[in-house]
Amino acid sequence: MVARKIAVGLQIGTQPPLRTTELFVLFARLMRLDSIMAIDHFQNIFPTAIWDRELSWIAAQRPTPHEHFDYQVFLGRLASQVGRMRLGVGVTDAIRRHPVVIAQAMLTLAHMTKRAPILGIGAGERLNIEPYGFDFSHPVGRLEEALKIIRMCFRSTGPVSFEGEYYRLDGARLDLKAPAGKTPAIWVGAHGPRMLRLTGLYGDGWYPTMIISPADYASKLAVIHAAARDAGRDPESITPALHRFAVIGPTEHETQAMLDTKVIRAFGLSAPAELWHKLGREHPFGERLRGYVDIVPERYDRKTIEAAIAAVPPELLQEGLLLWGTPEQVARKLRKFGDAGLGHVVIAPISGLVSRRAALYSMRALYEIKRMLGRDS
């Protein structure tokens, strides 16, 4: 069987200094990666209670983990620097930002980039919403209405009207349109059944994070395709993508050592309680926790966070939550996802949090992964 080629992108942070981020973009362009995706955050997943050099070398460079550029302004800055790479956000939400504002920003970006930008959008994360006074109730219902409105803004001409439970438009004008062939692509960060259905109905791509295995990926992709067919859409028009936190090292031994560092183990707390239960463990933050979307890190003190990190089962990280290994091992694992339908992976090399050396190696390793996934086998 001939394996499908898999596009490779890089997730970048939105923290100062700007020059460092621009260097990452330059490296990605030189490596001929396929995409650059920026995050949209007010605050980080690491609380200030544990933000020190014991956690990560980067804490010596940044006094707080919670400094983030606005992604819309940030992408505008990068638009002239990405060349042929696709540029996007992964992901924003329509709770903090009105869907018309999101649509206008992405249509503006389409005039600045050589290729159609990517709008990654999801139902939102509690840490970016509740502390700022936004309502986090009914997030999926809000997203469904937002997806309808954004698609209307991208494709309609003239006034737009919409009557929903959460959003209302009455002859609203957004006459800005993307240049020919560069209409922004909507990638939905979906995991649950209802979100998967919305992806099939309204998405141009699927952009999940918490996918443990190729079998899980294939079964969820089948739900999306079924919803697309039921809506009269071509399932093959939906890009099957994947966001993956990755720990990459020159040897398997060195990579496994990084998995045991506190900063990497902390990512195990982002896994939903359901995954902990499958390993016979209880999530320290509650048996109903849906994972990262429910955690507000600043609500935990140092003692609580340290104990929670210590409770993370090593097998949780090793058996699917994180993409880890040498470049060859990482490419081999992604090939299996390719067999399950994956067409575009965006890698977030979190091994860069462990040391400066690991950060530099991770960037070089992306070139090897891109080369291996870009050829038929």
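So, how many aromatic pairs does the structure hold? It holds 9, where rings of Phe, Tyr and Trp (its six-membered ring) pair if their centres lie within 6.5 Å. Before the details, some housekeeping. This is a predicted model, so local features need pLDDT of at least 70, side-chain atom pairs count only at pLDDT 80 or more, and totals for chains, interfaces and linings use all residues. Residues are numbered from 1 along each chain as its sequence is written, and side-chain values use heavy atoms, with hydrogens and water left out.

Okay, one of the pairs is Trp187 with Tyr207: ring centres 5.7 Å apart, planes at 50°, so we call that one tilted. On the angles, planes under 30 degrees apart are stacked, over 60 edge-to-face, and the rest tilted. This pair links distant parts of the chain, 20 residues apart. Trp187 is in strand E7 (residues 185–188), while Tyr207 is in the loop between strand E8 (205–206) and helix H6 (214–230). Those labels are DSSP runs numbered from the N terminus, helices (H or I) of at least four residues and strands (E) of at least two. Trp187 is buried at 1% relative accessible area, and Tyr207 is buried too, at 3%. Buried is under 20% relative accessible area, exposed is over 50%, and partly exposed is in between, with a 1.4 Å probe and protein chains only.

Next, Phe285 and Tyr300. Their centres are 4.1 Å apart and their planes at 15°, so that's a stacked pair. Both sit in the loop between helix H9 (273–278) and helix H10 (302–310), 15 residues apart. Phe285 counts as buried at 16%, whereas Tyr300, at 21%, is partly exposed.

There's also an aromatic cluster, formed by Phe46, Trp51, Phe245 and Phe267.

Now for charges over rings, meaning NZ of Lys or CZ of Arg within 6 Å of the ring centre and within 35 degrees of the ring normal. Arg96 puts its charged end over the ring of Phe42, 4.9 Å from the centre. Lys333 does it with Trp324, at 4.1 Å from the ring centre.

Last one: Arg86, in strand E3 (residues 86–93). What does the Arg86 side chain reach at 2.9 Å? The backbone oxygen of Ala116. And Ala116 is among the residues Arg86 touches (heavy atoms within 4.5 Å), along with Asp34 and Ala185, leaving out residues up to four places away in sequence.

Key: A polar contact is a pair of N or O atoms within 3.5 Å; within protein, one must be able to donate a hydrogen and the other to accept it, and residues adjacent in sequence count only if both atoms are side-chain atoms.
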